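Please examine the sequence and the three-dimensional structure shown here. The explanation after them is meant for a reader who meets this structure for the first time.

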Amino acid sequence: MSTGKPLLEINHLHTAFRIKDNYYDAVDDVSLTLEKNEILAIVGESGSGKSTLATTIVGLHNKANTQITGEVLYQDLNLIDLNETLYNRIRGNDIGMIFQDPLSALNPLMTIFDQIEEALIYHTKMSQEERKNRVLELLDQVGIPNPDRVARQYPHQLSGGMRQRVVIAIALSCKPPIIIADEPTTALDVTIQAQILDLLNQLQDETGAGIILITHDLGVVAETADRVAVMYAGEIVEMASAVELFTNPKHPYTRSLLKSMPQSDELEGESEELHVIQGTVPSLKNLPRKGCRFAARIPWIPAEAHEANPTLHQVAPDHFVRCTCHEHFHFEGEAE
Ligand code: ADP
Ligand code: MG
């Protein structure tokens with residue numbers, strides 16, 4: 001544990017989207033910290049609010065249809081109060097971003113060189129010569145063979161894996177202390193995924209950046225994360241060190257996610273889905289706003305097992321779980 005201030009501290013963050021005349025929280029009272037040199041994974045099914053959390057941190061929401069309250073503290077700033085001009089200084093320079101689809105993150109009409117150089121022009125006082133060297137150094141650092149040649153190419157001339165490396169190079173270009181990666185490997189095949197994760201790990205060793213790694217894949221988490229926050233329906237339902245979460249998962253949702261992970265010692269296709277809890281995250285308008293949001297997905301657990309207003313409870317030094325239902329939880333058809 002570090003003794004100083006965390007790199008990023010989020011307190012009671014709410015991000016609500018307007019649907020017709022009402023606002024609905026897609027991120028609902030989220031609090032967490034990110035330390036230097038740490039990979040914090042955020043996991044949860046599609047629709048649980050992970051991307052909204054990421055885009056709120058980097059200020060990518062339109063104030064006309066979004067309400068944001070709470071604190072995203074970075075240095076002495078609450079980022080949610082910043083105007084666009086100030087946010088532009090933070091993005092790229094202090095917080096690097098890597099999103100799921102590298103093609104949409106890149107400009108199809110600009111060479112790779114120009115796109116990486118753009119951030120350096122905007123955020124640094126480097127000379128042209130220094131920028132050139134830095135671009136080639138970055139391409140090399142993210143494992144792109146033949147940087148000279150690739151620098152002159154356009155995004156469509158590269159494979160998906162290479163494009164994602166370019167996006168990572170752009171995110172790293174100004175050596176930001178914080179990196180937010182939202183499903184950075186989802187669009188890539190398994191081998192490339194592993195390479196990209198290795199790369200993030202290795203780059204972090206070198207730069208000491210704090211990384212928020214968003215994924216719905218617990219295999220990715222097991223391989224990379226130091227700490228994990230599990231999100232369901234806009235809320236953090238469990239947060240723990242990665243080791244603790246994998247050895248001692250508590251929340252029914254976490255336990256279901258873990259059960260659904262393919263085991264390497266399990267025969268493929270055999271009994272894999274037996275314990276997965278059925279259902280999906282309800283849509284934003286239809287989220288339960290009272291009681292345990294996961295209750296509807298575990299109807300065989302009696303109502304009394306849930307808290308009326310579930311809060312996060314500390315169950316071990318670095319382990320927090322929402323609601324009391326985990327104390328009485330068992331998978332359907334299994335004894336308690
Ligand atoms: P995740 O990244 O975990 O899949 P998201 O943050 O993308 O989840 O979405 C969380 C919820 O917010 C979903 O119900 C989604 O439909 C809704 N949502 C996301 N963006 C918007 C938006 N701009 N306007 C309205 N609803 C949105
Ligand atoms: Mg998402």
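The paragraphs below move from the whole protein to selected helices, ring pairs and individual residues.

This is a predicted model, in which local features need pLDDT of at least 70 and side-chain atom pairs count only at pLDDT 80 or more, while totals for chains, interfaces and linings use all residues. Residues are numbered from 1 along each chain as its sequence is written, chains are lettered from A and ligands numbered from 1 in the order in which they are written, and side-chain values use heavy atoms, with hydrogens and water left out.

The protein contains 11 helices and 12 strands; helices (H or I, at least four residues) and strands (E, at least two) are DSSP runs, numbered from the N terminus. For 336 residues, a compact globule would have a radius of gyration near 20 Å, and the 21 Å of the protein agrees with this. The radius is taken over C-alpha atoms, and the globule rule is 2.2 Å times the number of residues to the power 0.38. Along the principal axes, the C-alpha atoms fill a box of roughly 70 × 50 × 45 Å.

Of the 336 residues, 49% are buried. Here buried means under 20% relative accessible area, exposed over 50%, and partly exposed in between (1.4 Å probe, protein chains only). The accessible surface of the protein is about 16,500 Å², and carbon and sulfur atoms account for 49% of that surface; such areas come from the Shrake-Rupley method with a 1.4 Å probe, and for residues only the protein chains shown count as cover. Among contacts between residues at least 6 apart in sequence, 66% join residues at least 24 apart, where contact means heavy atoms within 4.5 Å.

Helix α1 (residues 50-57) is largely enclosed by the rest of the structure, because seven of its eight residues are buried. Those buried residues are K50, T52, L53, A54, T55, T56 and I57. Just after α1, G59 takes a positive phi of about 65 degrees. Helix α11 is mostly covered, with six of its eight residues buried, namely P252, Y253, T254, S256, L257 and L258. The buried residues of α11 pack against α9 (218-224), β9, β10 (235-241) and α10 (242-247).

Which kinds of ring contact occur in the structure? A search of the whole structure finds five aromatic pairs. Rings of Phe, Tyr and Trp (its six-membered ring) pair if their centres lie within 6.5 Å; planes under 30 degrees apart count as stacked, over 60 as edge-to-face and the rest as tilted. One of the pairs joins Y232 and F294 edge-to-face, at 5.0 Å centre to centre and with 90 degrees between the planes. Y232 lies in strand β9 (residues 227-232) and F294 in the loop between α11 (252-259) and β11 (312-316), so this pair ties together parts that are 62 residues apart in sequence. Both Y232 and F294 are buried. The rings of W300 and F329 form a tilted pair, because their centres are 6.5 Å apart and their planes stand at 45 degrees. This pair also links distant parts of the chain, with W300 in the loop between α11 and β11 and F329 in the segment after β12 (319-322), 29 residues apart. W300 is partly exposed at a relative accessible area of 22%, whereas F329 is buried at 5%. Ring pairs also link Y232, Y253 and F294 into a cluster.

M97 lies in strand β6 (residues 95-98) and is partly exposed, with a relative accessible area of 23%. Leaving aside residues up to four places away in sequence, M97 touches V58, L60, R91, V167, A171 and I180. M162 belongs to helix α7 (residues 160-172) and counts as partly exposed at 23% relative accessibility. With the sequence neighbours up to four places away again left out, M162 touches G143, I144 and P145.

Finally, two residues deserve attention for their backbone angles. Most residues other than glycine have a negative phi. H12, which is not a glycine, has a positive phi of about 45 degrees; H12 is found in strand β1 (residues 8-19) and is partly exposed at 49% relative accessibility. K20, also a residue other than glycine, has a positive phi near 55 degrees. K20 sits in the loop between β1 and β2 (22-34) and is exposed, with a relative accessible area of 69%.
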